[in-house]
Every structure is written in C-alpha cells, then in structure tokens.
Amino acid sequence: MEPHIILFIVATFLLAGFVKGVIGLGLPTIAVGVLGVIMAPAQAAALLAIPNIATNSWQIATGPGLGTVLIRLWPMMAGIVLGVWAGSGLLEQQKNGSATLWLGIALVLYALVGLKAAKLRVPASAELWLGPVIGLATGIATAATGVFVLPAVPYLQALGLDKDELVQALGLSFLVSTLALSVGLIGAGALDWTVAWHSTLALAPALAGMTLGTTIRNRISAKAFRLCFFAGLLALGGYLVLRAAA
C-alpha cells in the first residue's frame, strides 16, 4: 500500500480506538465509515476483525463480573449469532449505503432521547424473550452494515447497568458479533490470510487509542460518562448519515 494510505488507516484506528476507550463502543462505526473512502464496506469490516476481537476481549476482561453478564445476556448473544448468519452476504451486496443511512438516523434519534435524560428501562421479566429478539435484529444489522450498535446498545443501556458493567456488556456483544461476522466474511472470501495479517497490523494503533480513551473514562464520573456516551452516539450517528448521504 502507498504510504499515505497506511497513514490514513493508522490515524483511523487511533481515533476509533480512542472513542471506544472513552464510551465503550465506536471502533467499527468510525472505522467502517472512514475507511469507506478508500475501500468497500466488506473490506473495511474484514480489516477490523483482529482489532475488534482484541479490543473487545480487553473490554470484557477488565469488567467487574463476566460470569454474571454471561448468564444474563446469553439469550441475546445466541440471537446475534443467528441474526448474523441469517443476514450473511448482505454486507457484500451493499451498494447505495441505505442500510448505513438508516442506522445513522436511528443512532441520532436514540442519542437525542438519551441527552434529554429520558431513561429507557427493560423489566427483568422481559429479558428472557426480548434478549433474543434484540440479538437477532442486531445480528441482521451487523451483517448488513458491519456495525454492531443497534438495537443492542439501547437495549443494554436500558438494563440499568452501571458504567463498568455496561462497558463490559457492550464488549461481550461486540465480540460475539465480530466472531459471527468474521465467519461470514471468510465464507465470502473477504477475509483471508493476507487480510488477517493487515488486520493484525491495525491492532497497534487501535490499542494505543483505546489505552488513552480508557484512561480518560476511568477518571470521569458516572454523570460525565453518560453525557460522553450519548454525545458520542450522536456524533457517530451524524457521521454515518453524512457519509451515507454523500
């Protein structure tokens, strides 16, 4: 690759990793959107495979209680896997960016609701049946866009988790989505050993950005984190809308 292309990719992963470190998400949203300037969505998603797996594994490992999260969220995780596999091939077929546009609009609307301090809540009695439905929808959206945020993020945020629990739950959801999507990309030929090597090289800037972002998150209050969380979603959604409409 040309030097300026390499610098562009490094800068993209630094920024995406930083945002993920601060609010617990944003790596694929930013990277797929920005890298779409120089490559197809399926290629960008394939390049994200190793950074996604590593950063989300880190996010899970540094959380407060993985066992509890797994027991609570396994129905949603199963739904994600089924959804990604059901939507297999959608990402390779995306030409006009319409799926990304609607994803961005939904993110903007959800962020605006959150910034107005409206609190969505999912009753515990609904989690067993609602979790798989949310997971299935998230999986299909992931297969179509390469981005894992909806409707998983609003659902997890509505479970009443604290700051660190939410970040860990997001990491688990994104890791499962990444692994399921990677299987589909391998089957479609978009992810091979060469791409996997390039993806491994993208890991260093992603981790560097995430380290800085995590340091900032650990020093802010729960209230400040909530503001950063929804402001970040608003910025990500706005970016996706502008990118798809361009």
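How many cavities of 30 Å³ or more does a search of the whole structure find? The search turns up one, where a cavity is a set of points on a 1 Å grid over the protein atoms alone at which a 1.4 Å probe fits but cannot get out. Keep in mind that this is a predicted model, with local features needing pLDDT of at least 70, side-chain atom pairs counted only at pLDDT 80 or more, and totals for chains, interfaces and linings using all residues. Residues are numbered from 1 along each chain as its sequence is written, and side-chain values use heavy atoms, leaving out hydrogens and water.

**The cavity**
- The largest cavity holds about 40 Å³ of space, a volume being the space filled by probe spheres set on the points.
- Its lining (residues with an atom within 4 Å of a point) includes F148, T178 and L185.
- Helix α10 gives the most to that lining, with four residues.
- The lining splits into six nonpolar residues, three polar and no charged.

**Aromatic pairs**
- There are three aromatic pairs, counted when ring centres of Phe, Tyr or Trp (its six-membered ring) lie within 6.5 Å; planes under 30 degrees apart are stacked, over 60 edge-to-face, and the rest tilted.
- F148 and F174 make a tilted pair, 6.1 Å centre to centre with 40° between the planes.
- That pair links distant parts of the chain, with F148 in the loop between α8 and α9 and F174 in α10, 26 residues apart.
- Both F148 and F174 are buried, meaning under 20% relative accessible area with a 1.4 Å probe, protein chains only.
- F225 and F229 are tilted too, at 6.0 Å and 35°.
- Ring pairs join F225, F229 and F230 into a cluster.

Terms used: Helix = DSSP H or I, 4+ residues; strand = E, 2+ residues; numbered from the N terminus. Buried < 20%, exposed > 50% of the residue type's maximum accessible area, 1.4 Å probe, protein only. 1 Å grid on protein atoms, 1.4 Å probe; cavity = no way out; pocket = protein on both sides within 12 Å on 5 of 7 lines; lining within 4 Å. Nonpolar A, V, L, I, M, F, W, Y, C, P; charged D, E, K, R; others polar.
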